[in-house]
Amino acid sequence: MKRALILNAINTRIGGVLIRGKKGTAKSTAVRSLAALLPEVSVLRGCPYSCLPENRQGLCQFCLPAGETAPAVTRQVRIVDLPVGATEDRLVGSLDIEQAIKTGSRSFEPGLIASTHRGILYVDEVNLLNDHLVDVLLDAAAMGRNYVEREGISVSHAAQFILVGTMNPEEGDLRPQLLDRFGLAVEVDSAFTPEERREVVKRRIAYEDDPFGFMDKWQDSEAEERERILHSQELLGKVHVSDDILELITDICAEYQVDGLRADIVMYKTAGTIAAYEGRNHVLADDVREAAEMALLHRQRRQPFQQPHLVTEQLDSMIDDFQNRPQNREPQDQDQNQSEEQDDGDPDSPEPEEQPPTPPGDSGPQDQYYEVGNPFSVRSLQVKPPDHRARPAGGRRARTISGSPSGRYVSAATPQDKASDLALDATLRTAAPHQVERRSGLGSQADTDNAPAFLIEPWDVREKVRETKTGSLILFVVDASGSMGAQRRMVAVKGAILSLLLDAYQRRDRVGLIAFRGTSAQVLLPPTSSVDLAHTLLQEMPTGGRTPLSRGLMLAMEVIEAEKQKDRSVLPLLVVLSDGRANVAMGSGGPSSASDQAEGGNLPLAEARAMAAAIKEQHISAVVIDTETDFLRLGLAEPVAEAMGALCIKLEELHSDALADTVRMQMPMSDKPTPVTRRDSGAPAANKAAIEVFNWWLPRLGSNQGFQLQRLTCYHYTTGQRQYRKSIVIAVARGVK
């Protein structure tokens, strides 16, 4: 970590560093201490753009180029913190739109990027920052210049800074497109030896007892490191990268199958910077090895839920081969090396799946552990916002009013505060009817001649209302009771959850996981952006015991309410996976008794429906996935979904192809439409049994066999008090030969 920070301090063109590590690994401490090691910079006093005295940008009163003089001062390199809740205007700066329209003058209010010019921009928890802000930030860092455009007015200023981002992987990851934009990435390990822990504690206590004495003790070491950094910056332009080293760099990137060419360029710059820091004017193979470990960690191809991990065996082999070959070797064909490396492991191959853990010793005899089923493409689960509250643009699940100047312009509104996103058309329409009256009230002819062509008052200003997509909080409530182990249903259920987690990962949703079994419900994973952690806990989830459905629903309400207290704009989506066979009441510690079921009643089911009705009253979007797969279905999940106001989907219908199958069954196989003679309004056109029978008949009725489908008739009927649903499918074929 410290090495990557120093390399970026020597050569800011590397492109910043991303520091990944769990809490308590001194990420923030290391970044903030970097400023003390850097040489002081010379700036104009009072200039918000940190202009060089000999290279003024002329954007403020302190750095006007002609005639104006401002004293030059030296100060320590500035570290600017970017808060997670920052807006785009606060980051890049904003124009005074009202002043620009009324007077025609360009008045720019600089943002955080202007303040960090020639300094360090530190983004703590960069993975929690809105994606569009990270995009803007990385664009400015790559181009070395910040561009601000509002309604045809453009302002640009220099923006050369060291970009440092820190993140905890447990709270979610960055998109691969954004990860690639960071020059280097390092992983910080939280494992410390007892000796290291004791030394950290001693230094911390010594600093708290005497801060100035502690800093004086390390002043000589800091000055020595500062001189080394200055010498490295002077030597950097003299470092030579040979063609052999360049060939090694490109061979390594090709071997690791890295997308794009950014990795090659970053490795080239980093290897040269390492050589300068070591006091050399030429690059060695070991410099390339070190550069590759920092430049390839976050750029490898990997599957969802697969943590970044650089397989170094292949890298070591290529470096050793390069060092052992003759230096005057002529270039060889790549085919010779391929035959020698056929048995080497593929660095991009996914790690083998972990086997389900062995049940702990205190687990009950009925506890079972099932593997995760194969994922599949799921149906789109949409969330409709219950209000018109503005929300941040940070996902792809639901359409909502944007809380930032991004998104599709749909309407205009009167600003509650200073207008930051001017709706020029709406402003002109509002002011147009008052132009004659306002111009007549100017008084003298001189005032009329000097007045702007269009008179606008502050109350005429309108701002844009934008529509964007935002992420949701998907809370999975999973039935982990013993009934889910029948016919290994939990395998299919876990596969469905994994498929939904993949969908949540792609749509940038936050996820949570609740499991209920026995006599209680438990929050296995509080709401988080780390879909990877949810996948890990899903693999370790046991199955067994009874079905306290009402407790699971009540705990889900409590979790959602707690999240709403933290953020009123949260959009929850409750996904309940259960067969609905509740048999434990909330007030009891065991199964429902005979008294609970007296007079035809069922207390656990009644409580589950009551909790479902309470969820409906809270306007919480919900989906119930019926995990019942038996031939004779009890259909107990449907009443719960109905009380919840939720969509009820059978487990097999969650697959995206199931909807296409239903549509295909209604499509004619010939020129004549296929009639459906009867349809039960309470059920789809064909349930699972109908689909199975039809799929069996379809290849035998196709045109290749000389037949065409003439009619598909699907009858539904119920029998008995338990309302078992059965289907009879009658397919009539007509020969065409």
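Helices and strands here are DSSP runs, numbered from the N terminus. The model shown in these views is predicted.

View 1. The lining consists of Leu 549, Val 576, Ser 578, Asp 579, Gly 580, Val 624, Ala 637 and Val 640. Sorted by class, these are 5 nonpolar, 2 polar and 1 charged residues. The volume of the second largest cavity is about 40 Å³. In total, the structure holds 5 cavities of 30 Å³ or more.

**View 2. The largest pocket and its lining.** This pocket has a volume of about 1,900 Å³. Its lining has 39 residues, and the closest to the pocket centre are Lys 2, Thr 29, Ala 30, Ser 33 and Arg 203. Helices H1 (2–10), H2 (27–37), H8 (194–209), H9 (211–217) and H10 (219–236) each give two or more residues to the lining. By class, the lining divides into 18 nonpolar, 8 polar and 13 charged residues.

View 3. Look next at the surroundings of Ile 252. Leaving out residues up to four places away in sequence, Ile 252 touches Met 267, Val 288, Leu 296, Leu 315, Met 318 and Ile 319.

View 4. Leu 137 sits in helix H6 (residues 131–143). Its relative accessibility is 2%, so Leu 137 counts as buried; the cut-off for buried is under 20%. Neighbours within four places in sequence aside, Leu 137 is in contact with Leu 82, Leu 91, Ile 113, Leu 121, Val 123, Phe 161 and Leu 163. Val 92 is 45 residues from Leu 137 in sequence. In space, the two are 8.2 Å apart, C-alpha to C-alpha.

View 5. Glu 125 lies in the loop between strand S7 (120–124) and H6. Its phi is near 55 degrees, a positive value in a residue other than glycine. Glu 125 counts as partly exposed because its relative accessibility is 21%.

View 6. Gln 257 lies in the loop between helix H11 (243–255) and H12. Gln 257 is not glycine, yet its phi is positive, near 55 degrees. The relative accessible area of Gln 257 is 36%, so this residue is partly exposed.

View 7. Helix H19 spans residues 489–506, 18 residues in all. From its first C-alpha to its last, H19 reaches 26 Å. That is close to the 26 Å expected at 1.5 Å a residue. H19 is mostly covered, with 15 of its 18 residues buried. Just after H19 comes Arg 508, with a positive phi of about 60 degrees.

Technical notes
Residues are numbered from 1 along each chain as its sequence is written. This is a predicted model: local features need pLDDT of at least 70, side-chain atom pairs count only at pLDDT 80 or more; totals for chains, interfaces and linings use all residues. Side-chain values use heavy atoms; hydrogens and water are left out. Helices (H or I, at least four residues) and strands (E, at least two) are DSSP runs, numbered from the N terminus. The expected span of a helix is 1.5 Å times one less than its number of residues. Buried means under 20% relative accessible area, exposed over 50%, partly exposed in between (1.4 Å probe, protein chains only). On a 1 Å grid over the protein atoms alone, a cavity is a set of points where a 1.4 Å probe fits but cannot get out, and a pocket is an open set with protein on both sides within 12 Å along at least five of seven lines; lining residues have an atom within 4 Å of a point. Grid points are joined across faces, edges and corners, and a volume is the space filled by probe spheres set on the points. Ala, Val, Leu, Ile, Met, Phe, Trp, Tyr, Cys and Pro count as nonpolar, Asp, Glu, Lys and Arg as charged, and the others, Gly among them, as polar. Contact means heavy atoms within 4.5 Å.
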